[in-house]
Amino acid sequence: MTALMVALGAAIGAPLRYLVDRYVQARHDSAFPWGTHAANATACLLLGAAVQAALPGWAFAFAATGLLGALSTYSTFGYETFALLRTGARFLAFANAAASIAAGLGAASIGAALGRALTG
């Protein structure tokens, strides 16, 4: 049952990540990977809230592990950071690493605070 919930969540989260990335990337002319950054920060925000929401096991497997796990893409973040380094864009690579880590931790903290506030 748990594996099925994770798979169902991932089946929604992965295409959602692609759509978020394409939507954001199409709206600026920059080498900075804003689409991946937005997907990861959003997933961290929602994961922080999900952890505090005390969801039943099946719902946590679906939402947190499956959907939000597939929505976030830290492997793509790593790939894009090294791609920036390979092209000589060292500042953008450093900014991508620093901003992604800071945004992920900050978003997770905000999400956890929101989750605590909503669930009491």
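Trainee: What is the handedness of the α1 and α3 crossing?
Mentor: The α1–α3 crossing is right-handed, that is, the near helix is turned clockwise from the far one by less than a right angle. Helices here are DSSP runs of H or I with at least four residues, and strands are runs of E with at least two, both numbered from the N terminus.

Trainee: What sort of model is this?
Mentor: It is a predicted model, where local features need pLDDT of at least 70 and side-chain atom pairs count only at pLDDT 80 or more, while totals for chains, interfaces and linings use all residues. Residues are numbered from 1 along each chain as its sequence is written, and side-chain values use heavy atoms, with hydrogens and water left out.

Trainee: Back to α1 and α3. At what angle do the axes cross?
Mentor: Roughly 30°, with the axes of α1 (residues 2–25) and α3 (residues 57–71) coming within 6 Å. The axes are lines fitted to C-alpha atoms over the stretch in contact, and angles run from 0 to 180 degrees between N-to-C directions.

Trainee: Which residues of α3 make the contact?
Mentor: Trp58, Ala61, Phe62, Thr65, Gly66, Leu67, Ala70 and Leu71. Contact means heavy atoms within 4.5 Å. The α1 side includes Met5, Leu8, Ile12 and Arg17.

Trainee: How much of it is buried?
Mentor: Of the 120 residues, 32% count as buried; buried means under 20% relative accessible area and exposed over 50%, with partly exposed in between (1.4 Å probe, protein chains only).

Trainee: Which residues of α4 are buried?
Mentor: Phe77, Glu80, Thr81 and Leu84. These residues lie on the same side of α4, because they cover an arc of only 105° around the axis, taken from the directions from the helix axis to the C-beta atoms. They pack against α2 (34–52) and α5 (90–119).

Trainee: And what is exposed on the other side of α4?
Mentor: Ser75, Tyr79, Phe82 and Arg86. Just after α4, Gly88 has a positive phi of about 85°.

Trainee: Where is Thr36 found?
Mentor: In helix α2. Thr36 has 4% relative accessibility, so it counts as buried.

Trainee: What is Thr36 in contact with?
Mentor: Leaving aside neighbours within four places in sequence, Thr36 is in contact with Asp21, Thr73, Thr76, Phe77 and Glu80. Phe77 and Glu80 are among the buried residues of α4.
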